[in-house]
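My entries follow in the order I made them.

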Amino acid sequence: MDFALSDEQRAFQAAARDFARAELAPHAARWDADAHFPLDVIRKAGELGFCGLYTPVEYGGLGAGRLDAAIVFEELAWGCTSTAAYLTIHNMVSWMIASFARPEVAARWAPRMTSGELLGSYCLTEPNAGSDAASLTTRAERTADGYRLSGSKMFISGAGSTDVLVVMARTGGAGARGVSAFLVPADSPGIGYGKLEHKMGWNSQPTRAVTFDAVDIPLEYRLGDEGEGFRFAMKGLDGGRVNIATCSVGTAQAALDRAREYVQARRQFGQPLATFQALQFKLADMQTELVAARQMVRLAAWKLDSAAADAGVYCAMAKRYATDACFQVADEALQLHGGYGYLREFPLERHVRDLRVHRILEGSNEVMRVIVSRALLNDPTGEIR
């Protein structure tokens, strides 16, 4: 097993690292404080291919693998967790349209999304359908020309500032098999956007509820066949779990980098903090947890690229472990800064705030444990290892 990055992956990594340091990190604190959605910078990311990393080349994407994308997202999250996380969502929307829309529809929308000209939002969660996504009630009724969409979604990243929505709605009976997926232009008549949510973190991207009041959708804007929406959603979420996990890794790396610099510069009792063995041990544990998280995320990404049958389980394990471990790394980095870590002049409190939601979204970590335990208990061969 070769853990080394290829030359192409190192090139992706270097480009993302340079972009993060030049375009994201210097502005992240201001974007957080002002709740500013940096559309201009996101479109610059599109010029580098970061808005269509794993979207097929024929639609303007880079056609990269999920491991390649994870390497890029990790570097972007080092610069700004919240903006990088939005880019992962946009990439998922671009990929879903390119992968599941009719070819003529994909050709109309996907290239403008991979370039960053148009931005996307993913609409799955509802007020009463979070972890139990198969119970969603937003409904798309068949009409002579297509569908009429009614219902509501919540916690939608980018809502009100994006151009394209991928919406999961019920077209059939109860359960997962009654769910279909749709491309919906964000300015369609009948769509309403709720108030800007004031969040603990992720402040450089807007979050709003979205309502659909008899929104007419052309038949051609359905993704795939009726009843395939939940399967598409789960395929998207497997990748989304790797994406959000790798954003946790990138942010934890930024926190650890800052902590390492601080303990070497800060003096107490006549010597640098870095000379105290208790703090050395703490840093060693932080580094070990971070490397373990990174390798687990990259293994899950490799499983996705290999279309492994157990990829979903590995995505769940990686998401659970990395988001928990990396939150702890950032919290320990804040602790090492003492009172300074609690000040907004330092990025540690922002890292902690931004990372906290990663343990909830893309399926809460409790749900990840359910996925893993079910696979383990139903695996008579014991090959999940």
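I looked up F100 and F232 and found both buried (under 20% relative accessible area with a 1.4 Å probe, protein chains only; exposed is over 50%, partly exposed in between). I note that this is a predicted model, where local features need pLDDT of at least 70 and side-chain atom pairs pLDDT 80 or more, while totals for chains, interfaces and linings use all residues. Residues are numbered from 1 along each chain as its sequence is written, and side-chain values use heavy atoms, with hydrogens and water left out.

**Rings**

I counted nine aromatic pairs (rings of Phe, Tyr and the six-membered ring of Trp with centres within 6.5 Å; planes under 30 degrees apart are stacked, over 60 edge-to-face, the rest tilted). The rings of F19 and F50 are edge-to-face, because their planes stand at 80 degrees, with the centres 5.9 Å apart. F19 is in helix α1 and F50 in the loop between α3 and α4, so this pair ties together parts 31 residues apart in sequence (helices are DSSP runs of H or I, at least four residues, numbered from the N terminus). F19 has a relative accessible area of 6% and F50 one of 2%. F100 and F232 are stacked, with 3.8 Å between centres and 10 degrees between planes. F100 belongs to helix α5 and F232 to helix α7, 132 residues apart. I also found Y54, W95, F100 and F232 linked into a cluster by ring pairs.

**Helix α7**

**Charges**

I counted 22 salt bridges (a side-chain nitrogen of Lys or Arg within 4 Å of a carboxyl oxygen of Asp or Glu). In one of them, D32 meets R353 with the closest N and O atoms 2.8 Å apart. D32 lies in helix α2 and R353 in helix α10, so the bridge ties together parts 321 residues apart in sequence. Both D32 and R353 are buried.

D257 bridges to R260 at 3.4 Å between the closest N and O atoms. These two are about one helical turn apart in α7, because they are three residues apart. D257 is buried at 12%, whereas R260 is partly exposed at 39%.
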